[in-house]
Amino acid sequence: MNKHSKMMLTGNKAAAWGVRLAQVDYVPAFPITPQTEIVETLAQWFSDGTLTGKYTNMDSEHSMFMAAGAAAATGVRVFTASSSQGILHGMEALYTIAGWRVPLVMVNVSRALATPITLEPDHNDVMSTRDCGMVQLHAETCQEVLDFILIGHRIAEHPQVALPVLVNMDGFYLSFTREPVVLPEPSEVARFLPPYKSEQPVFKASQPMARASAVFGGATYSYFKIQQDLAVRQAETVFHEVSEEFAQYFGRNYGPVENFMMDDAEFVFVMSNSFATKGKAAVLELRKQGIKAGLLKLRLIRPFPTQAIADSLLGHHKVAVIDQNLSPGMGGILFPEIVTSLYSRINRPEKFLSVIGGLGGKDILKEDFFSIVEHLRSDKSEGPLFLYNDDDLKQFKKVSHIALAEKGGSES
Amino acid sequence: MIQVRFHGRGGQGIKTASQILGSAAFNSGFQAQDFPLYGAERRGAPIVAFTRISPTPILERGPISNPNLLLIGDETLLNDSQVAPLCGADESTIVFVNSTKSTEQIQKQFPFPAAPLILDLTDRCQNFLGKGHILSTALATAGARILGNIDLKDLLEAVKMELGQSLKPETLQKNLELTQDIFHSLSPCTIPEKPIKALASSPLIELKQTPVHEAAPIILAPGNMALRKTGNWRMQRPKIDYDHCNKCLICYARCPEGTIKIDEDGRPQIDYEHCKGCMICAQECPGHFIQTIRESEGAHE
């Protein structure tokens with residue numbers, strides 16, 4: 001392989017390459033669309049000797065996450081992947097292994113949650129894992145997926161963090177989408193990410209220890225939870241250190257947020273994951289029409305980079321947070337987090353708008369961004385504003401017409 | 001508001017006692033609240049229960065740290081530094097202990113803030129119910145009588161409410177007789193008012209991050225259950241009659257806790273620091289050479 005060779009890779013393949021370059025020792029797996037390609041690729045590489053560790057098919061995501069945590073507790077480098085209903089099925093285990101304070105990297109390929117069932121993405125699955133006590137990095141491109149897996153292992157394995165790191169990518173829009181990805185030189189990756197040597201006590205044969213004791217009375221429980229909070233917060237400092245080093249090795253520089261056309265922006269869209277690409281395109285279109293738009297992309301979701309967000313947003317007048325998730329009865333999940341990051345600051349934006357779009361893989365159009373600007377300009381109440389138009393309703397009615405035909409339903 | 005704290009062991013009916021007292025207060029027209037506190041339920045393990053009684057709505061929940069009345073159903077708990085049943089009791093706290101000892105004897109042994117009230121409830125429960133370790137009715141009655149503001153008929157009604165569903169009519173009748181007996185054996189006390197302290201801020205601290213082995217629920221010391229002395233969970237103690245023991249070692253095999261060891265002469269030896277008093281050994285001994293004795297007495301043999 002040439003130094004910095006480029007390949008057309010799907011997000012799933014890019015993830016598998018990240019795992020391969022990280023020389024991961026153990027992968028417990030349970031396939032679920034749209035992440036199956038990750039574990040299929042890894043299974044192939046473990047089976048043909050490209051990867052020398054162990055790959056195990058588990059009987060569910062719950063067992064898979066427990067196996068991942070248990071393996072990490074022995075001091076080996078661990079990777080696993082899930083999606084949607086799968087990660088929800090493993091939810092109990094996610095809280096558990098995060099509490100064990102063991103390092104590993106997992107990919108979540110975002111896919112909307114039932115009901116209704118769909119295969120296309122939104123972020124309710126990954127947002128449901130928001131409070132487990134894991135570090136979360138959200139990727140916009142296939143390149144970020146690969147790079148975040150390498151950076152993720154460094155953060156996870158840092159002695160002051162020692163936590164699972166979740167790398168998120170959108171199903172289909174990244175997972176099945178091919179684009180050029182730079183493959184870092186393995187020897188350089190080996191220097192950036194040397195084999196894992198745990199600095200904390202690990203499970204060894206004939207040396208009994210426990211990682212999951214029961215505690216009563218609240219004071220001990222609270223102590224460990226506060227320590228977990230401190231460790232997740234510490235991950236931001238570690239992220240900065242590791243990112244800087246990564247940039248020195250590989251030339252790509254990742255901050256906790258990315259500012260796009262922000263300098264003089266009057267209207268700011270806050271987004272994460274692959275649809276941020278669409279947001280950037282919309283910003284350029286709006287600028288052509290004389291509308292000073294900008295975009296703030298979130299990469300680090302946990303710990304939540306409040307300072308970086310404030311640094312980016314202070315001084316801008318109007319901010320729309322586009323959530324591709326919905327907490328019914330409340331609105332977007334990231335919206336209040338963004339507002340909280342700014343509430344106590346002087347010179348905070350005068351208008352915040354919560355926008356919900358892209359649910360279940362529904363596209364977000366450039367025209368939608370124009371509508372958001374109009375809303376930000378108007379004196380309408382804060383929302384949430386749902387990105388749902390006439391065409392969307394027509395599409396729904398077509399399906400509804402078929403579904404209700406027997407009952408003589410919806411004729412319009 | 002009157003706050004009552006009950007101490008006892010799993011299986012002694014401590015939670016039920018708090019409920020009988022709660023219902024009795026409710027029957028007497030008070031606002032009442034009761035609840036128990038225990039971990040994974042285990043017979044013999046220390047448990048705590050609470051009853052709050054007030055003429056006005058009760059704006060409090062959770063454990064009672066500074067009780068007006070402390071009812072100790074099992075005096076062996078006084079030896080337990082983790083349970084520390086006297087914790088939070090001051091001169092204004094009325095303390096009742098189920099014991100055979102005299103006030104003077106027990107005061108010499110333990111640091112009571114004031115002279116405790118004493119009655120041997122176990123003996124009465126044995127007489128009335130044939131089960132000395134079931135203290136629910138007896139302890140609730142002691143509490144109700146000491147408080148002095150609960151009518152006997154309301155208390156008897158509460159015993160029927162709490163036990164009537166699960167007991168045979170004749171057993172319930174014996175509980176009612178036990179209630180009357182204990183009610184008339186004790187006198188009401190004046191419950192002193194607790195001084196009202198002005199609120200001061202809590203000394204909050206900011207925790208610093210510590211290394212993972214201290215920051216996560218990790219146990220590095222293996223086999224540390226030996227340090228967890230479970231011997232004080234016993235209400236009853238097994239005692240091997242070595243004059244007749246034929247070293248068949250069935251007790252050794254049947255002990256679910258592995259607390260019976262074999263000495264150099266091949267005889268079974270009970271580790272009283274860890275034996276939880278389940279008495280399976282006594283039931284299994286083919287020759288009935290293992291006696292069952294009341295723990296508070298056995299401990300001094």
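Predicted model: local features only at pLDDT ≥ 70, side-chain atom pairs only at ≥ 80, totals over all residues.
We may begin with chain A, which is divided into domain 1, residues 5–250, and domain 2, residues 257–393. The centres of these two domains, taken over C-alpha atoms, lie 28 Å apart. Each side brings 29 residues to the contact: 29 from domain 1 of chain A and 29 from domain 2 of chain A. About 2300 Å² is buried between the two domains, with carbon and sulfur atoms giving 52% of that area.

Five salt bridges are found between domain 1 and domain 2 of chain A. A salt bridge also joins A:E337 and A:R130, whose closest N and O atoms are 2.9 Å apart. On the domain 1 side, at least two residues each are supplied by α6 (124–127), β6 (135–138), α7 (142–157), β7 (164–170) and α9 of chain A. Of these, α9(A) gives the most, with five residues. By class, the domain 1 side that touches domain 2 of chain A comprises 14 nonpolar, six polar and nine charged residues.

Chain A also holds an open sheet of six strands, in the order β9-β11-β10-β13-β14-β15 and with mixed pairing. Its edges are formed by β9 (257–260) and β15 (385–386) of chain A, each of which pairs on one side only. Further in, strand β10 (residues 267–272) and strand β11 (residues 293–298) of chain A pair in the parallel sense over six bridges. Within this pairing, A:V268 has A:G294 of β11(A) as its bridge partner.

Turning to chain B, the assignment gives domain 1 (2–185) and domain 2 (225–297). Here the domain centres, again over C-alpha atoms, are separated by 30 Å. The contact involves 19 residues of domain 1 of chain B and nine residues of domain 2 of chain B. The buried area between them is about 1000 Å², and carbon and sulfur atoms give 53% of it. In domain 1 of chain B, the residues that lose the most area to domain 2 are B:R9, B:R42 and B:T76, together accounting for 31% of what that side buries.

One salt bridge is counted between the two domains of chain B. B:R294 forms a salt bridge with B:D120, with 3.5 Å between the closest N and O atoms. The side of domain 1 of chain B that touches domain 2 has two nonpolar, nine polar and eight charged residues.

Finally, the two chains meet each other through 22 residues from chain A and 15 residues from chain B. About 1600 Å² is buried between chain A and chain B, 65% of it given by carbon and sulfur atoms. In chain A, A:Y223, A:F224 and A:Q227 lose the most area to chain B, together making up 27% of what that side buries. Zero salt bridges are counted between the chains, while six residue pairs, both at pLDDT 80 or more, are in polar contact across their interface. Both α5 (91–100) and α9 (219–250) of chain A supply at least two residues of the side that touches chain B. The largest share of that side, seven residues, comes from α9(A). By class, the side of chain A that touches chain B has 14 nonpolar, six polar and two charged residues.

How values were computed
Residues numbered from 1 in each chain as written. Chains lettered and ligands numbered in written order. Heavy atoms only, no water. Contact = heavy atoms within 4.5 Å. Buried area = accessible area lost by both parts, 1.4 Å probe. Salt bridge = Lys/Arg side-chain N within 4 Å of Asp/Glu carboxyl O. Polar contact = N/O pair within 3.5 Å; in protein donor to acceptor, adjacent residues only side chain to side chain. Helix = DSSP H or I, 4+ residues; strand = E, 2+ residues; numbered from the N terminus. Nonpolar A, V, L, I, M, F, W, Y, C, P; charged D, E, K, R; others polar. Domains from an automatic or database assignment. Pairing = 2+ DSSP bridges.
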